[in-house]
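User: I am new to this structure and would like to learn how to read it. Can you take me through its features one at a time?

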Amino acid sequence: MYKPELINSLKGYTGKKFLQDSIAGIIVGIVALPLSIAFAIASGCSPETGLYTAIIAGFCIAAFGGTKVQIGGPTGAFTVIIYAIVNNPQLGFSGLAAATLLSGIMLILLGAFKLGGLVKFIPYTIVVGFTAGIAVTIASGQIGDFMGLTPQFPLTALGTEYTKMPGTFAGKILVYASSLGTINWYSFIMAAVSLTVIFLWPKVTRKIPGSLIVIILATVIHLVLNHFFGFQTTVIGDRYKIPSGLPVPKLPALDLNTVQTVFPTAVSIAVLAAIESLLSAVVADGMIGAKHDSNNELIGQGIANIFSPLFGGLPATGAIARTATNINNGGRTPVAGIIHAVVLLLIMLCFGQYVEYIPMAALAAVLIQVAWNMAGIPAIRALIKGQKSDITVLTVTFLITIFIDLTYAIGIGLMFAAFFFIKKMIDLSEVQSGNRTVVTGIKGDGSQEQIDLPSGVIVYEIDGPLFFGTVRKFEFAVERAGTDVKVMIFRMRNTLYLDAGGIRALEQAKQACDRKGITIILSGIHTQPYMLLEKTGMAEKIGRENIYDNIDAALERSKQLVNK
């Protein structure tokens, strides 16, 4: 039964909680201001569309979603899709509105039919690959504003004539390369200094984001330098006009022809919104030790993506960075997300006219820093230490995202992941003796033998490979651990294969057990899983003293830990 987390959170709600949520909501609202504007501009849309999205969708995601602390709004992941739609003469912004509304309906249906768990079947390597690809695309789109370039259209590059800024990665690079002679050194220095300040600011404080500081300082300093010395750089007001209120709701055209045209795009938006929002929810769960309802969250995301285009907004989803900011500043209920939306509305109503003075070079620096954070360099480094199949899936997804299309990247990435998994399963079945059928799953008392377990010790047997398809079952094992459990033994005698998703599951299990004060012990581990644990550094995190090749040694170790 659908029940928004807001209703659960209001039970026993106190003035102290409201104060904490208010402080967090105000801070996140201020943080979201430059990001919302920057993402809208990067998507080829006017700045106010980003603000409309953060206000309307941010409110809906908090009020109707299935998480306690999720902050929603426009994100960098959508910029590639949005840019392609709004620059398509057959679609434009009205086509984007129709696609967004349809994606909202799809998200509601996914949640209503309890399909939230299906997102977990997308391999970790694909998520990392297309996220990194989006990051590169975002960064490449900011080169012009970062360097103050002014391409003179039409122009010809490598035999191709461009009449406007192309939407493709390669096209943008060619146009920028052909326009290097138009560089504005004042803009370039402003952007470079802004980017440096953003990266160094956390050493000063993490309470106030560097992006906000940079936007304020760059705007004030440019106004002074422009007034006294005549320095010129492009500001938001040179390209856009910021309105002083929300527009009148308007239903986009949804005739049969429009629906057929935008349907593939709507699917892309829905899939991406589901993936990013649930990834953000999982991260938030780890930070506050809670558990979200993925199906209710998808319904909340769907409602947000229905109302956002009605008010001229963009596609929206849960934003990991803003959600983390909310948590770090004390937000613990959806009230903080609602306050964040109200704060943005007040800022737009009272100070919207001043947004027009923000330099585009400073916004470019903010977006490049966002792209750097999205790229997931630590995750990529960990994956390239693993097996070749994971590296191949990562690389293919990354390259297709950049040079072709995000939707194709996910689809082809899934095909490669499935191919490598099937191949690995065939290889492993050839090694096994007899005609034993491997049943994938996790069971609490997996064997017929009698095991004398010490008090405070629990054993789970992983029967079959631990890969992206069985990760959720693995998570259930950790969730079922009671407060009296001190040691959890994962018996892996029948686990012949482990992939990046399995490593990720082990890492998340380790984090969850650490919060509960539970020590993880691995028993009966085979060669391939152990070699991957060593390559990725997971063996060191678990502790080599907690990894054994038989259950007897693992039980002896558990007795030592329990009797400490």
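User: How many cavities of 30 Å³ or more does the count come to?

Analyst: Keep in mind that this is a predicted model. The count comes to 2 cavities of 30 Å³ or more.

User: How much space lies in the second largest cavity?

Analyst: About 30 Å³.

User: Which residues line the second largest cavity?

Analyst: Its lining is made of Ala38, Ile41, Gln142, Asp145, Met360, Leu363, Ala364 and Leu367. By class, that gives 6 nonpolar, 1 polar and 1 charged.

User: Which element supplies the largest share of that lining?

Analyst: H16 does, with 4 residues. H2 and H16 each give at least two.

User: Now the pockets. What is the volume of the second largest pocket?

Analyst: About 520 Å³. Its lining has 24 residues. Those nearest the centre of this pocket are Gly141, Asp145, Met165, Tyr176 and Arg239.

User: Which elements give two or more residues to the lining of this pocket?

Analyst: They are H2, helix H7 (143-147), helix H8 (169-178) and helix H16 (360-375). The lining of the second largest pocket splits into 10 nonpolar, 11 polar and 3 charged residues.

User: Next, helix packing. What describes two packed helices?

Analyst: The angle between their axes, and the distance between the axes. Take helix H2 (residues 15-42) and helix H3 (residues 47-64). They pack at about 125°, and their axes are 7 Å apart.

User: Which residues make the contact of H2 with H3?

Analyst: From H2, they are Leu33, Ser36, Ile37, Ala40 and Ile41. From H3, they are Pro47, Thr49, Gly50, Leu51 and Ala54. The residues of this contact divide into 7 nonpolar and 3 polar, with no charged ones.

User: At what angle do H10 and H16 pack?

Analyst: Helix H10 (residues 210-229) and H16 pack at about 170°, with axes 9 Å apart. That angle makes H10 roughly antiparallel to H16.

User: Which residues make the contact of H10 with H16?

Analyst: H10 brings Ser211, Val214, Ile215 and Ala218. H16 brings Ala362, Leu363 and Val366. By class, this contact has 6 nonpolar residues, 1 polar and no charged.

Terms used:
Residues numbered from 1 in each chain as written. Predicted model: local features only at pLDDT ≥ 70, side-chain atom pairs only at ≥ 80, totals over all residues. Heavy atoms only, no water. Axes fitted to C-alpha atoms, helices over the stretch in contact; angles between N-to-C directions. Contact = heavy atoms within 4.5 Å. Nonpolar A, V, L, I, M, F, W, Y, C, P; charged D, E, K, R; others polar. 1 Å grid on protein atoms, 1.4 Å probe; cavity = no way out; pocket = protein on both sides within 12 Å on 5 of 7 lines; lining within 4 Å. Points joined across faces, edges and corners; volume = space filled by probe spheres on them. Parallel < 35°, antiparallel > 145°, perpendicular 65-115°, else oblique.
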